[in-house]
Amino acid sequence: MAKNIPFVPADDLSKLWRAIIEFDMLQPGDRILIGLSGGKDSMLLTAMLAEIKKFSPIPFDLACYTMNGMFAPNFPKQELVDFCAHYGLEHYSDDVDVPAAMQGNNNSPCYTCAFFRRGATNRRAKELGFNKIALAHHNDDAVETFFMNVMTTGQLSTFLPVTYLSRMDLTVLRPLLYYRESEIIELVKNLGIKPLKNPCPYDGHTTRQDVKEHIAALNDMYPQIYDHLAAAMRKQPKQELWPEKPDQKELLKKFKAFWHSNKK
């Protein structure tokens, strides 16, 4: 690519810059390892971070990492290496036999795969001297996680723009959180990025996919529900929620105090 042609046009980077600046994602000397799956989201994140690296007033190093989950025999290693080389980036990868790890495992396939992917990425980042990991979660991912947690655990939680992993001394960044998935699809198409086929046999048949479809159906009935879910992920100045649930010891203490409050 000619030097005067940007990897990503400046107008398409505004939401990325906003996330980076608003959430203080960059510090001088950062070494950031991108989790590159070969899908549209992580490929776009790679192109975007490679572009802003040229102009950022805060210098940082950048490289990519892929965990081959061994779901298919032909891991596209060379395609990933070539993709990264196009942006002047080094690519690293490891093979982890996730299907074998699933045998006799009562956890869901997605949980098992995510567990090994996180572990492999974190380990490689530390070995290579990176202090931050960039993941390609977008706004739809955050809203779906928030909705899924409410439904399945009763918790108001989702992943954060910046997460510090104290045990590993690594920081996880999610710079794409202001982009909707539809925007990413359009940007990838316009930039001519060719996502690789997802080898996961469970692709499209997950709880997350069900949640995505539920939100889409609800959005047909209540057109503002997605925006309201996104707003609910933010801390609010006037939240009217019940206080934290007391543990048994604290509750017993309150009961005793209540029944003895008027005795002399």
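First, a caution: this is a predicted model. Look at E144, which has a relative accessible area of 3% and is therefore buried, since the cut-off is under 20%. What does E144 form a salt bridge with? The partner is K212, with the closest N and O atoms 2.9 Å apart. This pair links distant parts of the chain, as K212 sits in helix α8 (residues 207-221) and E144 in helix α6, 68 residues apart. K212 itself is partly exposed, at 24% relative accessibility.

The pair also belongs to a network of salt bridges that links K40, D41, E144, E181, R208 and K212. Within that list, the side chains of D41 and K40 meet at 3.3 Å, N to O. D41 counts as buried, at 16% relative accessibility.

D140 is buried at 8%, whereas R180 is partly exposed at 30%. The count of salt bridges comes to 13.

Now the nonpolar side. The largest nonpolar core has 37 residues, and L16, L45, M48, L49, Y87, L176 and I193 have the most contacts inside it. Helix α2 supplies the largest share, eight residues. Leaving aside neighbours within four places in sequence, Y87 is in contact with F7, T46, A47, A50 and I193. Another core, of 13 residues, lies apart from the largest one and includes A63, Y65, V98 and A120.

Technical notes:
Residues numbered from 1 in each chain as written. Predicted model: local features only at pLDDT ≥ 70, side-chain atom pairs only at ≥ 80, totals over all residues. Heavy atoms only, no water. Core = buried A, V, L, I, M, F, W, Y, C linked by side-chain atoms within 4.5 Å. Buried < 20%, exposed > 50% of the residue type's maximum accessible area, 1.4 Å probe, protein only. Helix = DSSP H or I, 4+ residues; strand = E, 2+ residues; numbered from the N terminus. Contact = heavy atoms within 4.5 Å. Salt bridge = Lys/Arg side-chain N within 4 Å of Asp/Glu carboxyl O.
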